[in-house]
Amino acid sequence: METRNDRRWWILAVLCLSVLLVVVDNTIVNVALPTISRDLHASTEALQWVVDGYTLAFAGLLLVGGNLGDRLGRRRFLQLGLALFGLTSIGAALAQTSGELIAARAAMGLSAALIYPATLAILNNVFTNPRERATAIGIWSAVSGLAVAIGPVTGGALLRHFTWSSVFLVNVPVVLIALVAGRLLLPESRDPKAGRFDPLGAVLSVAGIALLTWSIIEAPGHGWLSATTLGGIFGALVILALFAAWQARRPDPMLDVRLFRNPRFSAASVAIALAFFGLFGFIFMITQYFQIVRGYDPLDAGLATLPFAVITAAFSPVAMIVMRWTGTKLVVAFGLLLMSSGFIVAALMPLGGSYWTWIVGAMALMSSGLAFTTGPATEAIMGALPRAKAGAGSAVNDTTREVGGTLGVAIVGSVLNSGYGSHVVTALTGLGAPAAATHAAGQSVVAGMATAAHFPASLQGAAAEAVRQAFMTGVHHGSLVAAGAAAAGALVAIFLVPSRAAGSAEPSSGTSSASSRTRQETPSRA
């Protein structure tokens, strides 16, 4: 794509601002949940769906959003997504019931599914030089990592001074800036040979990914071996298999499933999924640890995660430089091993462990490992694609992140709760608590601390300490699961991810050369 040199990096700034908005909203709402529960009289299940409604719509619609951008114009769909995101954020802020808020959050997820794949697709078409593209993807990845920690910090700061509605209204000025800057700076691009829209493929992709995501989200409540969970996962896999078979038969597929034969695409996707499995699982645990075990308020808990964001942002561009020296395989494997080491440090952390020694040490390993994993793996995925199909390919990259992260929260959360529940029941029973009280304490660490407060004054300290120690046991178990997932990702990288693209930085799809694809891409400023 022909773009003036002095405009490329400003375009990247607009794309990063759009990514920041989407990722921050995935985390900022968590710190507002207690306030929302009180003001809207929301149940625990309703609060869960305030978070998961966004995730479910986002993950389910990513592939369709990326395909529509390829077909009808990536800038157009990025701008449409931003406008809808602003409007639905206002709707969330004005919600009067938990049902209205859940519906608004789902609509925000739909909007995000139009924004996120378009950012990486536009980046891939603006930065046609492989070296510059790698640098740009490194910066894009750094912003994604930074946004994970910015959400809790921003939410905590807003809640100190305003109502819970502020965590949604803060999106509006950011959307306006991104819309105006995007209109002035972003070039339009699309796939010139997109073919006909595939309604059956769209329905199958949404149904399969949404059912898989829903089954994972609901698994801790229903049980991982329940008929609901197993039936949902099996049904999702059947639907996705039908989608793959249908796409393989079409001359103009939404997603060319033959791309998965390329290990640069498929193995890198698995590596990203396993990295985000560990990341989201750990964040789920550490946010509770800061507020319940260490007694931080929401803002202090958010600030405590800042080292993670700063280190990720600092090392992401470095990872792309190292990748040019060593190739993708080694840098991605190294990153996942660093992440695994960080989770092991967390698994060894004592209850009263020093923040600067244990927690920052663990986060430094995880965050630098994330930087060395996501940017190079994302570059491998996008480098394996024809630029005309960048939107759909970007959606695959984004979907693996979301599904991997959802699995991480569900599985690591289940392991955390199992470890906590069994140990807290034993500990409180030993202190003389009746069976009904220990059963209630085992449901959550918040319930455990409430139960400890009802002990006789002479035993309240010991009971609270027992609850905290039981929670740490769950954190240790969950961290080991995250460490295992990251280590498995390192093995995938070592054995399956190629060191470099075969033949060229932008490999052929099998029917046309990279140069012909470049000529096929038709940018415009319309």
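R8 and E132 form a salt bridge, with their closest N and O atoms 2.7 Å apart. Since this is a predicted model, that distance is a computed one. R8 belongs to helix 1 (residues 5–27) and E132 to helix 6 (residues 130–161), so their pairing ties together parts that lie 124 residues apart in sequence. How do the two partners sit relative to the surface? R8 counts as buried, at 10% relative accessibility, whereas E132 is partly exposed, with a relative accessible area of 25%.

## Other charged pairs

The structure holds twelve salt bridges. One of them joins the side chains of R105 and D25, at 2.5 Å from N to O. This pair also links distant parts of the chain: R105 is in helix 5 (residues 98–126), D25 is in helix 1, and 80 residues separate them. Are R105 and D25 buried or exposed? Both are buried.

Another bridge runs between D256 and R258, whose closest N and O atoms are 2.8 Å apart. Here D256 is partly exposed, with a relative accessible area of 23%.

## The overall fold

Stepping back to the chain, its secondary structure comes to 20 helices and zero strands. The C-alpha trace spans about 80 × 50 × 45 Å along its principal axes. For 526 residues, a compact globule would have a radius of gyration near 24 Å, and the chain's 23 Å agrees with that.

Buried residues make up 57% of the 526 residues. Of the contacts with a separation of 6 or more, 84% are between residues 24 or more positions apart. The accessible surface comes to about 19,900 Å², and 69% of this belongs to carbon and sulfur atoms.

## The nonpolar cores

Which residues touch the most other members of the largest nonpolar core? They are L101, L123, W164, F168, Y289 and L428, out of 150 residues in that core. Helix 11 (residues 263–293) supplies the largest share of this core, with 17 residues. A second, separate core has five residues, including L212, A236, V403 and A410.

Y289 touches R294, M349, L351, I359, F471 and M472, leaving out residues up to four places away in sequence. L428 is also a contact of T451, which touches A437 and A441 as well, again setting aside neighbours within four places. T451 lies in helix 18 (residues 445–453) and counts as buried, at 13% relative accessibility.

A392 is found in helix 16 (residues 390–430). With a relative accessible area of 3%, A392 is buried. Beyond residues up to four places away in sequence, A392 touches L63, G66, N67, D70 and M254. A392 and G232 are 160 residues apart in sequence, and their C-alpha atoms are 25 Å apart in space.

## At the surface

L87, I90, L94 and L169 make a nonpolar surface patch of about 380 Å². Of these, L169 is in helix 7 (residues 166–169) and is partly exposed, with a relative accessible area of 41%.

H41 sits in the loop between helix 2 (33–40) and helix 3 (44–72). H41 is exposed, with a relative accessible area of 72%. Phi of H41, however, is positive, near 55°.

Technical notes: Residues numbered from 1 in each chain as written. Predicted model: local features only at pLDDT ≥ 70, side-chain atom pairs only at ≥ 80, totals over all residues. Heavy atoms only, no water. Patch = residues over 30% accessible without salt bridge, like charges linked within 9 Å, V, L, I, M, F, W, Y side chains within 5 Å. Areas by Shrake-Rupley, 256 points an atom, 1.4 Å probe, with all protein chains shown as cover. Salt bridge = Lys/Arg side-chain N within 4 Å of Asp/Glu carboxyl O. Helix = DSSP H or I, 4+ residues; strand = E, 2+ residues; numbered from the N terminus. Buried < 20%, exposed > 50% of the residue type's maximum accessible area, 1.4 Å probe, protein only. Rg over C-alpha atoms; globule rule 2.2 N^0.38 Å. Contact = heavy atoms within 4.5 Å. Core = buried A, V, L, I, M, F, W, Y, C linked by side-chain atoms within 4.5 Å.
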